[in-house]
Amino acid sequence: MAEITDRVLANAIRALSMDAVEAANSGHPGMPMGMADAATTLFTRHLKYDPTQPKWQDRDRFVLSAGHGSMLLYSVLHLTGYARPTLDDIRNFRQLGSPCAGHPENFELEGVETTTGPLGQGLATAVGMAMAERHLNAVFGDALVDHRTYVIAGDGCLMEGISHEAIGLAGHLQLGRLIVLWDDNRITIDGAVSLSSSEDTAKRFDAAGWQVLACDGQDADAVDRALTEARADPRPTLIACRTTIGFGAPKKAGTSGAHGSPLGAAEIAGAREALGWTYGPFEIPEEIRAEWTRFGARGRSEREAWAERLAAAPAEQRTAFEHRAANEPPQAVYDAIDAHIAGLIAAPQGVATRRASEMALEVALPAADGMFGGSADLTGSNNTKTKYLQPFTRDSYGGRYAYYGIREFGMAAAMNGIALHGQMLPFGGTFLVFSDYMRNAIRMSALQQTRVVYVLTHDSIGLGEDGPTHQPVEHLLSLRAIPNLAVYRPCDAVETAEAWALAIADTHRPSVLALSRQNLPQQRLTDAGENLTARGGYRLRSAKAARRVVFVATGSEVHIAGAAADALEAEGIGCDLVSLPCWENFDAQTEAYRTDLLPADALIVSVEAGVTMGWERYTMVRGLRIGIDSFGASAPIDKLYDHFGLTAPKIAARVKARLEDKN
């Protein structure tokens, strides 16, 4: 065989990519074929990694933000020697059971750092990874934490609005360990980029404080020079890699025809001829495979040297690092929260649950070094910053509190990156109504099984005069619809502390804490001996008269439902009161437990200051659902609750009327 050049190595990526897409009759061959040379340069000359230890803490992170080009990543992982994907995995690209999904998924393959596909989020997630690296470097030093985050992004990633949030934050924080290779192929699915965009991307990044470089993305040496220059600059860097989408395809190269569909047998045959690739489908000659494997082994010595430095580190530092690497908060965190709850039982406090959240953080944070807070410009309203959190800034990366600015979507994606990087537990705040801005990143948290805590305050019409633009009504239901997301709406300071303990412990599920602006009376006044919020729902108090009604409520409506129950009890109508802070946890309980709380022989009445849709799963058709099936209004809180019928007298009257109808 002739000399194995960079182009030959890149052609192995091209061949696997077009073969896999063709076999699946589905996929995106153009991006992997266009960026194969740049990826080859990155993985053979710059990226620090060890396929035999894919979770090595000080590895460089690589994010394929243009996730539709997943075959580029699968090809490189296979060729460099990762255990998976195997060649059979690649042959089964996009098939049920194959780890080679249509878009890269972090829970399928160890070499995939983050799930990508929704364009722009990979880039924004990478900003979080770069933030995590700088923070951990400030804590543990260069000997243990000294790596970079590399991204391949496409035109679509940079058109998405989240890219503006991400590059602004990265530039402001001067995250110089972040390097983005832009696949500047000037093609989208619809056709030329010029159909929809005429902005100067390079100037946009420059204005945000980035270094901007340009190179021929299909010249390995040119890419190498650009990467070397990028690594030497203290700013984050964008490298505009001018490429041809579908490089090598005789008719479709440089066109949208190579973007999102198989090339076809004739075009693949022509590409093989043009590239000088004389091998059959999925065939990688041993000499080429051996060369790729040699490059894959390049980082082993670096990893071993790092392991020696870790072993030689002072015992206290080594223990702290290894503990953080395990992503398990110390028992002292839970002990502190338990002691805090005991204090609340001894001396009840009627505070807003946003303030109750701050109180829980005040006791947890001293023992939880890995917790990293922030807010999207609502710190004073979200109560996410305590005296134990100093700002994370370009001048002080050791701080544990990020001022994300008015960038809700970017904040959520960055928190995903911080969590995925490891050794840190991010939490961030905004108003619940603005979860709409963040929704897809929250969904990605759940899909990727990341431990991220969303502190979403001002959770109802209870925020008052700001009116319907700021009053969430459909948002709780919307968030509860996301699989693998725990949505907590605590009714008092005790439930809030319990929710924090659960969110901190939940290593494979993100959590939402929906918290009130207004003060709420403490409902839990005795020691339960367990974390009742872990059950999702529990009987707060039992009926005194013969039970005919079960109120089931969340958050700020629990005490109102309790007052309605008192009024009915005064008339001889027995009422249970069930607090249901977390639907997801309640649904995981045994049928016997759930049936005991919500029996068939009682009128089940749900009370929540939000849409009633969804509550029928607990009230059934014959039950009563009390809530707000419209937008809110601008008025003081007391007038709003009365206007929408969420007062004890009005709720009691509706329940009595329903009982009379049943009779």
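In these close-ups of a predicted model, helix axes are lines fitted to C-alpha atoms over the stretch in contact, and angles run from 0 to 180 degrees between N-to-C directions.

**Close-up 1. Helices H21 and H26 pack against each other.** Here H21 (residues 558–569) meets H26 (residues 648–662) at an angle of about 55°, and their axes lie 8 Å apart. That angle makes H21 oblique to H26. The crossing of H21 past H26 is right-handed. From H21, look for Ile560, Ala563, Ala564, Ala567 and Leu568, which meet Ala648, Ile651, Ala652, Val655 and Lys656 of H26. By class, this contact holds 9 nonpolar residues, no polar ones and 1 charged residue.

**Close-up 2. Helices H12 and H13 form another packed pair.** H12 (residues 300–312) and H13 (residues 315–325) have axes 7 Å apart, at an angle of about 120°. H12 is therefore oblique to H13. Trp306, Leu310 and Ala311 of H12 meet Arg318, Phe321 and Glu322 of H13. The contact of H12 with H13 is made up of 4 nonpolar, no polar and 2 charged residues.

**Close-up 3. Strand S2 is covered on both faces.** In S2 (residues 149–154), 6 of the 6 residues are buried, so the strand is largely enclosed by the rest of the structure. Thr149, Val151 and Ala153 are buried on one side, and Tyr150, Ile152 and Gly154 are buried on the other.

**Close-up 4. Strand S2 pairs with S1 and with S3.** S1 (residues 61–64) runs parallel to S2, joined by 4 bridges; Phe62 has Tyr150 of S2 as its bridge partner. S2 and S3 (residues 178–184) also run parallel, with 6 bridges joining them. For Val151, the bridge partner in S3 is Val180.

Technical notes: Residues are numbered from 1 along each chain as its sequence is written. This is a predicted model: local features need pLDDT of at least 70, side-chain atom pairs count only at pLDDT 80 or more; totals for chains, interfaces and linings use all residues. Side-chain values use heavy atoms; hydrogens and water are left out. Helices (H or I, at least four residues) and strands (E, at least two) are DSSP runs, numbered from the N terminus. Angles under 35 degrees count as roughly parallel, over 145 as roughly antiparallel, 65 to 115 as roughly perpendicular and the rest as oblique. A crossing is left-handed if the near helix is turned anticlockwise from the far one by less than a right angle, and right-handed if clockwise. Contact means heavy atoms within 4.5 Å. Ala, Val, Leu, Ile, Met, Phe, Trp, Tyr, Cys and Pro count as nonpolar, Asp, Glu, Lys and Arg as charged, and the others, Gly among them, as polar. Buried means under 20% relative accessible area, exposed over 50%, partly exposed in between (1.4 Å probe, protein chains only). Two strands pair if DSSP finds at least two bridges between them.
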